[in-house]
Amino acid sequence: MGWFGRLAIGVAAVACMTAEADARITHLEITKTEPAFSGQSFGDAGAYEHLTGRVTGELDPAAPANSGIQDINLAPRNARGMVEYVTNIEFLKPADMARGNRILFFEVNNRGNKLAPGSFNAGVTGGVADRNALSSAGDGWLMRQGYTMVWFGWEMDVRPGMSRIGMPPIVAHDHDGSAVTGIVRSEIITRVPATSVPISLSQQIQNYPIDSYDSYPTASADNSAPFADGFLPTLTVRAREQDLRELIPNAAWSFGTCDQGGALTPDEKHLCYREGFKPGHLYELIYRAKDPTVGGLGFAAARDLGAFLRNSDKDDSGSANPVYRSDNLAIIEGSSQSGRMVRSLLALGFNRDETGRRVFDGAFPHIGGGLMPLNIRFGQPVRAWGEQTDHLYPAYDFPFTYARQTDPLTQRTGGLFDRCDATDTCPKLFHVATALEMWEGRQSLGLTDPLGRTDVADPPNVRTYIMASTQHSPASLPLAVRPPFGNCQQQPNPNPQIWTMRALLAAFTGWVRDGAEPPPSAKPSIAAGTLVPPDRVGLPEIPANFMAKWSGPRSRLSESTTRWMFSISARFTAPKIRAA
């Protein structure tokens, strides 16, 4: 049984529960309200406001809907015996809610960053920090349509900065108050030469300032002294993912920060290696970490906030819900990492609120075909499979499809909609992806049986749209005409998604709000001969690209690696290492 299957067992009780679960938002505080985009007006929707604040929620750790949250029994309790959390929120709403389109658009931020404005509004300007601060409306398409935008913190390793939105961490402790520890694997890669790096410096966060994302601290800063059970941390290096790991002697590195010739400053969340971390090389630290966060509370926060904003006009203290309309509907959207979060939220049963109601009427996972390893001890949600990086982190595990089927490799039967089907809380869903997900993101597993032999039909409430000849996100113009091409070996693809995304969101809104039948799924299939094995694909000659030597992506079934990397089980299968 894979990591997702094991951790989902605890939430399976949702399907048969009869009592209400105590999980809700208790307090909403708006700390700032200001005109959005300098008071600009957007057609029939009028002017918009930008609100920032925080919400407090609490949940009963013993309730069936919450008991499947990893380490919920080890989270701090408030005076009522409840697990309490606080998370940050932002709204972009019509100043007059009556002029909106009745849709609360919850965007699951990507590693703390807002992507939806740039995905649907043409001409949004500025860097990451400017876009997170909502400094540019572009052509304002989302606002002209009347959407009320909602952002909330759900990821506990997101640190403040660049106007990111995160969820303050809640750390699990043993019942006696001592630290929870476990063996953790961290793959580290840097773009520039460095003698000190954060433990969690992964490929996906290379473009952000150092320490934008938190790391799990080591349980001991002394890497030369074995633990009582004999465990000693190791650091290895290899040039490419398939290469044999070279062991770096423990005497050559330390937990801490250092300059080339300066003194070592001990630090539980950084590594010092005076010989220097080489750009592009894969460094793998296997160490005993402490203080895991209760990451699954991010799913609970999405559920509870969605239910509150959709259905309640005020909180327990009487503070008004600023986006409340009695006829509101709610949709949840996320791109890439956030799309995997949306799929996992549904699969784990978090689209059902404390009274048994459906939380999100619609779901729109975009370029995120896998699952999110958030609800596991020492989870590392910033990571995602790349061509050379993070291959041993869980992201693609059965079930792959919304429809129920049996995996002949693991003998498991299930579908992503099993839990919401059992409680009649499944949303209408648009699954939207690009050619990159087919090549690198294992998207084909969502279209066929696990062996890739037969097509699998979407359930009636699902449509799948594969945007052919597009990449994960379009490249900016003008394109380089010769190497280097950034992170890629080939010239990237500038083909835009935005016009297709607008058309799809408009159709999706019509389906969710008005019951208008959406376009049929547009996806490749085995039956039509448009979904074929890699060796049957022929690529034309393209200027500035050379594709004579290439190979398709390959998936690996490696249950032992998913066990040891997060210390879920005592079984440990160490990678092969060659002494330096």
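User: Which residues does Ser-186 touch, not counting residues up to four places away in sequence?
Analyst: In this predicted model, Ser-186 is in strand β6 (residues 181-188), strands being DSSP runs of E of at least two residues and helices runs of H or I of at least four, numbered from the N terminus. Ser-186 counts as buried at 2% relative accessibility, where buried is under 20% relative accessible area, exposed over 50% and partly exposed in between, with a 1.4 Å probe and protein chains only. Contact means heavy atoms within 4.5 Å. On that basis Ser-186 touches Ile-199, Ser-200, Tyr-283, Glu-284, Leu-285, Tyr-287, Gln-380, Arg-383 and Tyr-393.

User: How far does the backbone oxygen of Ile-199 lie from a polar atom of the side chain of Ser-186?
Analyst: A polar contact is a pair of N or O atoms within 3.5 Å; within protein, one must be able to donate a hydrogen and the other to accept it, and residues adjacent in sequence count only if both atoms are side-chain atoms. Ile-199 is also among the residues that Ser-186 touches. The separation between the Ile-199 backbone oxygen and the Ser-186 side-chain polar atom is 2.4 Å.

User: What conventions apply to residue numbers, confidence and atoms?
Analyst: Residues are numbered from 1 along each chain as its sequence is written, and side-chain values use heavy atoms, with hydrogens and water left out. Local features need pLDDT of at least 70, side-chain atom pairs count only at pLDDT 80 or more, and totals for chains, interfaces and linings use all residues.

User: What is the mean pLDDT of the protein, and where is the pLDDT below 50?
Analyst: pLDDT is the predictor's confidence in each residue, from 0 to 100. The mean is 90, and 89% of the residues reach 70 or more. Below 50 are residues 8-21, with 29 contacts beyond near neighbours in sequence, and residues 558-573, with 39 such contacts. Where pLDDT is low, the predicted coordinates should not be read in detail.

User: Which side chain of opposite charge is nearest to Glu-437?
Analyst: Glu-437 is in helix α8 (residues 435-439), and its side chain makes a polar contact with that of Thr-434 at 2.6 Å. Glu-437 is buried without a salt bridge, that is, a side-chain nitrogen of Lys or Arg within 4 Å of a carboxyl oxygen of Asp or Glu. Lys and Arg count as positive and Asp and Glu as negative, while His and the chain ends are not counted. The nearest side chain of opposite charge, 9.2 Å away, is Arg-340.

User: How many residues apart in sequence are the parts that Glu-90 and Lys-114 tie together?
Analyst: Glu-90 forms a salt bridge with Lys-114, the closest N and O atoms being 3.1 Å apart. Glu-90 lies in strand β3 (residues 83-94) and Lys-114 in the loop between β4 (103-107) and α2 (116-120), so the pair joins parts separated in sequence by 24 residues.
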